[in-house]
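Please keep the sequence and the structure open while reading.

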Amino acid sequence: MALSAADLPALYTLLVNSMSQDETVRKPAEAALSQSESRPGFCSCLMEVITAKDLVSQVDIRLMASVYFKNSINRYWRKRRESSGISNEEKLHLKQKLLSHLREENYQIAQMLAVLISKIARFDYPREWPELFSFLAQQLQSADVLTSHRIFMTLFRTLKELSTKRLTADQRNFAEISSHLFEYCWHLWQSDIQTILQGFSTITQNYNSSVVEQHHDDLYLTCERWLFCLKIICQLVISGFQSDAKCFQEIRPVKEVSPVLLNAAQSFLPYYTSFQNRHPKFWDFIKKACTKLMKVLVAIQQRHPYSFGDKCVLQPVLNFCLNKITDPEPDILSFSQFLIKCMVLVKSVLECKEYKPSFTGRVLDENGVTLEQMKKNNSNAVAGVLTSLLPNERIILLCNVLIRRYFVLNSSDLEEWYENPEAFHHEQDMVQWTEKLRPCAEALYIVLFENHSQLLAPVVVSILQEAMNGCPASVTEITPGLLLKDAAYGAAAYVYYELSNYLSFKDWFNGALSLELSNDHPNMRIIHRKVALILGQWVSEIKDDTKRPVYCALIQLLQAKDLSVRLAACRSLCFHIEDANFSEKDFSDLLPVCWVSCFNLVKEVQEFDSKVQVLNLISVLLGHVNEVIPYANNLMQFFQTVWEESSGESLLQIQLLIALRNFVVALGYQSPSCYAMLLPILQKGIDINGPDELNLLEDSMLLWDATLSHAPAMVPQLLAYFPCLVEILERNFDQLQVAVDITEGYILLGGREFLNMHASSVAKLLDLIVGNVNDRGLLSTIPVIDILIQCYPMEVPPLISSTLQKLIVICLSGGDDGDPSKTAVKASAAAILARILVMNTNYLAQLTSEPSLSSLLQQTGVAIEDNILLCLVDIWLDKVDNVSSPQKKIFGLALSIILTLRLPQVLDKLDQILSVCTSVILGGTDDLTEEVSSGDAMSSSRSYDEGSLPSKELRRRQIKLSDPLNQLSLENSVRENLQACAGFHGESFNSAMGPIFWAVIFYQRLRKLFWVTLVLLLLLRWVWWFLDSFINFCYGCLHDIVDLKASMINKVEADVSTNRRSDLYSLICARLELELIV
């Protein structure tokens, strides 16, 4: 039933109640509003609430109504199958209503109205709302400042929404919008900036004028409109034109806009200081404007690098940024956001791939000029500009400024460190590099060094030497020299990959870094933290003779008093343990201290990130060291405590689950000693109804698999968890591979006890998987079914009859030609059915004759004209070359059993059956350990020898080796069943065997002839060799005959194409002018 104006009071009441603090009032109101969303007229009623004049003061109610309106647009604006959506009449009414209330005085409501228009435009423009932009442009002609401000806000939101559409037609529409709006917006923006600068000039000259104060509101609205106009221009230039890196065409607005944007930033900067104390509102605008201007320049450069690389654009912009970085005015130093944007632009230019030589292939355009040549010309032109802007002297200056000014800790940094070292560590190391000045300077320094490593490496080394000489290790006062040494150490740490060619780590460590660590004064924490950073960054340059002292140094730092130093050491120690050249021998005696230090550190830290970092180190230790069992009790207590304290912190619990998995793998066969702690945690992780199921399930299942893989025996608690696996897969197949591994673990470990307890769950799980997953999922599941049938050939097939029927459908359905995965699935499924025929013949005969199977085949469109079992014979004959050697034997055994069927069609396939069986017998079976040795990849990074294999892997190998089919002789089976077939079919069998008999006789005679021929050839070869040796001996004794032989060789050509030289007999025949016939 549609809502009307009469329902407005009730809707208003529901909106009021939906914001109540009382849950008993709020919940029913939210439910009622949710039910009303799909009713016609709901959005119209909300629109009346938003625009009602008597509700102007109730901003919160209007905002809530606008939120529901926005959600309804997302859900019901387009017609869907489950709902009729909003009618066209109501849509037209809503669009007209929105456009008639552009002059909304409340900023928050105006912002929401702009969002609503943009959401509708995403669906309706241009087909259902073609007049939108023309209407907005028309309103701008006669609008006052407030109305124009709101229109530009709406334009910006709408353009931003439309720019995210990626279809070609949508991008073409946006380009058309840009062509119509750009000129008007650009001229208005230029006009506004003149108005703003004049207003600012008036303000600075008339501080005490009350008349000027009255115009501040209008000027501020103009400033806000100017900002929206700037954002619109950015959208039009960025999204309205294809990137010139792709189209290789000059984007004219880039050259027009960029220099003016730079001039605007230069014009605003002088007001940064003058407005700071007297006009905070305009001071905030100056900060936003200057930052936004630089941000737009960065965006343009990244979108249109070639157009931006023009000399009239790149040169003034880059020169301005470099000057502000290297020689800023004193007041600008405090304007960190502006300096950050300058550094971002310089960094973007330095690492721009379009400004570097390209080595890609050549692509011709219609005129025959290579696009690669065009790109090369553009790159060379920009490279010339960069070379003129960045001579060696300026590059060295920039490097020095970055290290000596921006890397150095200031007083506020040291105060923050002193008050909260833990928070200081994370802010310095984990903050986004574009948010803080020092990380941004470090990022720029790294790119600068990469581009000019040969020039800057000696500079960095000289700064490092200067800093170390100016501040010896014995200095404990926080002096400029100490802070410079900290900055130099950081600079050396960040570019270790290039600096290692100019600096010997061994000499540096022994001569300076180790001495720094011997000074335990509290102020030395500044240097100790950087030493920890260096030891982690330079891990690849640390040779064997230095590993031991470095490990000791990191353990010493891990026990420091300052948390920031300890956390830095924690991270660097992770790098060393994960290193491919990690020396456990040098680290083994430090392990007890390391464990204790980690436990103590977790107790002391408060930040979530700190706990995750320490847990990561513990997890890495468990994954890479072997001596874990002596510390198992302490580790179990630690894990239990951390789990209890981490309630609600899913990311920390994820890290804990990873550590627990490594712990179980490290314990191996002794893992049951930790079950009292482990299994309750595992149970919570695999509970799909738990509060953190979405975050913990994946890692919990990996822990579950590791627990089963390394358990020496099944325990009742683990046995009881299996039904949870079915519940998990009933929701989705995201964790299918792990679920299959877990199922295999239960089969191998639980044995008959598991099958008796969870037979129905196993059948349900396999039936859920087969037929509902793709080929990759089937290929991972079918081996588990094979193991299950191999272990319990009489009990399992009737239990999983539904799954086996689906496998028959897979085998008999076509469409696997040219698709290796489908062929593999069909062949693997056929191997399972062949095994059942061999091990439980009566059941397969019964299964193939069931009406339910015929019905299933009809439902899936598989037409069967013959006996289903005979159709499977065709599959076995066809897929025998697509399976492994053990499976070929299974196919042969199944085909030999088919010979015992009292069906005349068997004789039609007799020659094919005997051909396959004979080829399998003559080919033999490869080593049965082929599949066993391949095994499943271990989830852990450890390598296992034969004596330390996980129990699951050992059981898998034992079952493969104890396969009853290994003891059966295919040759005997074929012989016996062939005799039975002869008895069943009599004369028909003899008629069918006639051609086969003569083929066998011919084969046997051919085989005898082959052996006789082979003996004669060997005998002839021996005689040939004897004669050749005798004649060569004679030639060696007579010098003149040797000369004769040489002359004969010179007159006979060798076969160059086959690299075959003429033999002795050919030479003699050639000499005597005789024809040699072979």
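## Leu398 and its surroundings

Leaving out residues up to four places away in sequence, Leu398 touches Leu322, Ile325, Thr326 and Leu448. The structure is a predicted model, and Leu398 is placed in helix H20, the element with the highest mean pLDDT in the protein, at 95. Leu398 and Leu322 are 76 residues apart along the chain, yet their C-alpha atoms are separated by 7.9 Å. Is Leu398 buried or exposed? Its relative accessibility is 2%, and because buried means under 20%, Leu398 counts as buried.

## Overall make-up

The protein has 56 helices and zero strands. Of its 1078 residues, 50% count as buried. Among the contacts with a separation of 6 or more, 76% are accounted for by residues 24 or more positions apart.

## The nonpolar core

The largest nonpolar core has 354 residues, and those with the most contacts inside it are Phe200, Phe268, Trp508 and Trp876. Helix H40, which covers residues 736–769, supplies the largest share of this core, with 16 residues.

## Charged residues that are buried

Asp192 is found in helix H9, which covers residues 168–205, and with a relative accessible area of 3% it is buried. Which residues does Asp192 contact, leaving aside its neighbours within four places in sequence? The partners of Asp192 are Thr222, Arg225 and Trp226.

Lys347 has its place in helix H18, residues 336–350, and at 11% relative accessibility Lys347 also counts as buried. Apart from residues up to four places away in sequence, Lys347 touches Trp433, Ala443, Leu444 and Val447.

Two packed helices are described by the angle between their axes and the distance between the axes. Helix H34 (residues 632–645) and helix H35 (residues 650–667) pack at an angle of about 160°, with their axes 11 Å apart, and this angle makes H34 roughly antiparallel to H35. H34 passes H35 in a left-handed crossing. On the H34 side the contact is made by Ala632, Leu635, Met636, Phe639, Val642 and Trp643, and on the H35 side by Gln653, Leu656, Leu657, Ala659, Leu660, Phe663 and Leu667.

Helix H36 (residues 675–685) and helix H37 (residues 693–709) have axes that come within 9 Å and cross at roughly 140°, which makes H36 oblique to H37. Their crossing is left-handed, and the contact is made by Tyr675, Leu678, Leu682 and Gly685 of H36 together with Leu696, Leu697, Ser700, Leu703, Trp704 and Thr707 of H37. For H40 and helix H41 (residues 775–791), the axes come within 8 Å and cross at roughly 10°, and H40 is therefore roughly parallel to H41. Residues of H40 in this contact include Leu736, Gln737, Val740, Thr743 and Glu744, while those of H41 include Gly777, Ser780, Thr781 and Val784.

## A cis peptide bond

Most peptide bonds are trans. The peptide bond from Tyr125 to Pro126, however, is cis, with omega near 0°. Pro126 lies in the loop between helix H6 (107–124) and helix H7 (132–141).

## Confidence of the model

The mean pLDDT of the protein is 84, and 87% of its residues reach 70 or more. Which element has the lowest mean pLDDT? Helix H56, residues 1064–1071, has the lowest value, 38.

Over residues 361–366 the pLDDT stays under 50, and the model has eleven contacts beyond four places in sequence for this stretch. The pLDDT is also below 50 over residues 926–947, a stretch with 35 contacts in the model beyond near neighbours in sequence.

Terms used:
Residues numbered from 1 in each chain as written. Predicted model: local features only at pLDDT ≥ 70, side-chain atom pairs only at ≥ 80, totals over all residues. Heavy atoms only, no water. pLDDT = per-residue confidence, 0-100. Helix = DSSP H or I, 4+ residues; strand = E, 2+ residues; numbered from the N terminus. Contact = heavy atoms within 4.5 Å. Core = buried A, V, L, I, M, F, W, Y, C linked by side-chain atoms within 4.5 Å. Buried < 20%, exposed > 50% of the residue type's maximum accessible area, 1.4 Å probe, protein only. Axes fitted to C-alpha atoms, helices over the stretch in contact; angles between N-to-C directions. Parallel < 35°, antiparallel > 145°, perpendicular 65-115°, else oblique. Left-handed = near helix turned anticlockwise from the far one by under 90°.
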